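Reader: I would like to go through the contacts of this model one at a time. Please give the cut-offs as they come up.

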Protein chains: 2
Amino acid sequence: MALNYEPVVTESVAKQIAEQIRRAITNGTLKVDEKLPTEAELARQFSVSRPTIREALKRLAAKSLIRSRRGPAGGTFVQAPSTEDVSQDLMSSVALMVSLGVFDLTEIAEARHELELVCIRLAIKRRSSAELDRMAAEIKLQTDEALTDEEFCASDVRFHRALVDATHNPVMQFQMFTVIEALQPVENMVIFRFRERQKIIEQHEKIWRALRDQDLAEAEDAIDEQMVYLRESFAQAKEWRRNRDSVKAAVQ
Amino acid sequence: MALNYEPVVTESVAKQIAEQIRRAITNGTLKVDEKLPTEAELARQFSVSRPTIREALKRLAAKSLIRSRRGPAGGTFVQAPSTEDVSQDLMSSVALMVSLGVFDLTEIAEARHELELVCIRLAIKRRSSAELDRMAAEIKLQTDEALTDEEFCASDVRFHRALVDATHNPVMQFQMFTVIEALQPVENMVIFRFRERQKIIEQHEKIWRALRDQDLAEAEDAIDEQMVYLRESFAQAKEWRRNRDSVKAAVQ
DNA sequence: ATTCATCGATTTGCTTGACAAATATTGAAA
DNA sequence: TTTCAATATTTGTCAAGCAAATCGATGAAT
């Protein structure tokens, strides 16, 4: 008989309770900042022990749906997850999936390209001088020869974050954060290996000018150019990785 | 003195351990399907009690990073989160944020519009007959007068899912899933209230034809048209909600 | 009267110890 | 050899209690 690989029939009670509370939050039975009963009281209500309740609560805490404080005025409170919380969480999940090869680099690059085109179209219409200044400051920083590779990469991220912020659309900001950050490790690798900073800076300057002049054609061209370069670098990185792996395989 | 509202200085031990294990997974120290030490062993290694370890593990389980089985060959195993897992999770978070008003409807609609334009541009180049057939089947289904509103909405979602799948880019699929699902409740409301199915079906047909003929201009036009309609409906929905709230306020 | 420190009450954080349930392995019986 | 039951291992749950944080109240000093 082949092994019966049905996932699990028995959902743990902790998981069930967590799901029940989560539903109460999403459907509005539990409102934001509302205090849940104490752990002891919840344990009594659900007829389980306190550690079981705690496991359930920790599952929700992991999703930033609740927060807890000790003390008399403490307890467990419903929390509206902030975009930062969810972005951070999502980002780490995506980063893991990327490192596990769930997503292909070229697929991510394509998505980022298209999404960044969307961003720049919106940004051209709405960019304020604040974002232009932030981007200019990052470009200026990047020209500093004394900058370490890490600092350069961080500045690169901030530059693109400013571009996204210029859309003034929180949903786009939320979405882009994922792909920008997911690409970060790979970009780092590319920059560390090939470190053609000047090329990157020129592209940033082109994007910035297009944004300042609200020149759509120029902006799209700048983004395209940037992505062609990124794609080339990826191809090199892939080739390099393939060679390394085949060497490793040959050695074994 | 104003209340000192610094979140928390003391990160709980369980959280720290969870983070430590998570890092071990992301940086490859722990590989997928690898077995973690038993809870008792982990408790010994981290010098904490087993329930504390369990709280840490449950945080990771909530993020689909590990799975557990009982028995001699059981234990805790590293798991590569599937796109389904993460999508599902993300979707519920975003849905909650939408219901809490973190995102504005117009912002979501704009993001969806732009992203769907991206999708259709990619889809036009890559759509296979499989996706065209799926979309055609949904359109056919939608013309059935006997369909309930719920079924119509579900079919609408499947139609757009097929459109996204036609991009053959998992990252785009992943991203779009969020906005499509996040919009779902609102769309339902709009359809339930104004139920102009025929208009929606005509738009679907236009999109489908453009995709079949690989006619980019027509496709973009179809998406634009669809979004103009959606925006109008949103404006009505907002107005309706505003009136309801002001009435409610007046009554109180 | 006001302010400050101290103490107690309350709630989460964590520990210890134990038992229950599931399940792969092992060994004995047919 | 096959089948079935005992066994060992590991997660799931329970119970009771102490520790730490923190808010409110009480009382003392200014």
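Author: Axes here are lines fitted to C-alpha atoms, for helices over the stretch in contact, and angles run from 0 to 180 degrees between N-to-C directions. Helices (H or I, at least four residues) and strands (E, at least two) are DSSP runs, numbered from the N terminus. This is a predicted model, in which local features need pLDDT of at least 70, side-chain atom pairs count only at pLDDT 80 or more, and totals for chains, interfaces and linings use all residues. Residues are numbered from 1 along each chain as its sequence is written, chains are lettered from A and ligands numbered from 1 in the order in which they are written, and side-chain values use heavy atoms, with hydrogens and water left out.

Reader: At roughly what angle do the axes of helix 6 and helix 9 of chain A cross?

Author: Helix 6 covers residues 129–142 of chain A and helix 9 covers residues 197–213 of chain A. Their axes come within 10 Å, and the crossing angle is roughly 160°.

Reader: Which orientation do helix 6 of chain A and helix 9 of chain A have to each other?

Author: Angles under 35 degrees count as roughly parallel, over 145 as roughly antiparallel, 65 to 115 as roughly perpendicular and the rest as oblique. The axes of helix 6 and helix 9 of chain A cross at roughly 160°. The two helices of chain A are therefore roughly antiparallel.

Reader: Which residues of helix 9 of chain A meet helix 6 of chain A?

Author: Contact means heavy atoms within 4.5 Å. Helix 6 of chain A contributes A:L132, A:M135, A:A136, A:I139 and A:Q142. Facing them in helix 9 of chain A are A:I201, A:H204, A:E205, A:I207, A:W208, A:L211 and A:R212.

Reader: How do the residues of that contact between helix 6 and helix 9 of chain A divide by class?

Author: Ala, Val, Leu, Ile, Met, Phe, Trp, Tyr, Cys and Pro count as nonpolar, Asp, Glu, Lys and Arg as charged, and the others, Gly among them, as polar. On that scheme the contact of helix 6 with helix 9 of chain A has two charged, two polar and eight nonpolar residues.

Reader: Are helix 1 and helix 3 of chain A roughly parallel or oblique to each other?

Author: Helix 1 of chain A spans residues 13–26, and its axis comes within 8 Å of that of helix 3 of chain A. The axes cross at roughly 50°. Helix 1 and helix 3 of chain A are therefore oblique.

Reader: What orientation does helix 5 of chain B have to helix 7 of chain B?

Author: Helix 5 (residues 105–126) and helix 7 (residues 149–165) of chain B have axes that come within 8 Å and cross at roughly 55°. That angle makes helix 5 of chain B and helix 7 of chain B oblique.

Reader: Which residues of helix 7 of chain B meet helix 5 of chain B?

Author: The class count for this contact in chain B is five nonpolar, one polar and two charged residues. From helix 5 of chain B come B:R112, B:E116, B:C119, B:I120 and B:A123. Their partners in helix 7 of chain B are B:H160, B:L163 and B:V164.

Reader: How many residues surround DNA strand C, and which are the closest?

Author: A residue is near a strand if one of its heavy atoms lies within 4 Å of it. DNA strand C has 24 such residues around it, and the closest are A:R54, A:R70, B:V13, B:T52 and B:P72.

Reader: What share of the atoms of DNA strand C within 4 Å of the protein do sugar and phosphate account for?

Author: The surface near DNA strand C has six nonpolar, ten polar and eight charged residues. Among the DNA strand C atoms that come within 4 Å of the protein, the share of sugar and phosphate is 65%.

Reader: How far is a polar side-chain atom of B:T52 from a phosphate oxygen of DNA strand C?

Author: A polar contact is a pair of N or O atoms within 3.5 Å; within protein, one must be able to donate a hydrogen and the other to accept it, and residues adjacent in sequence count only if both atoms are side-chain atoms. A side-chain N or O atom of A:R70 is 2.8 Å from a sugar or linking oxygen of DNA strand C. For B:T52 and the phosphate oxygen of DNA strand C, the distance is 2.4 Å.

Reader: Which helix gives the most to the surface near DNA strand D?

Author: DNA strand D is surrounded by 23 residues. Helix 3 of chain A, together with helix 3, strand 1 (66–69) and strand 2 (75–78) of chain B, each supply at least two residues of that surface. The most, three residues, come from helix 3 of chain B.
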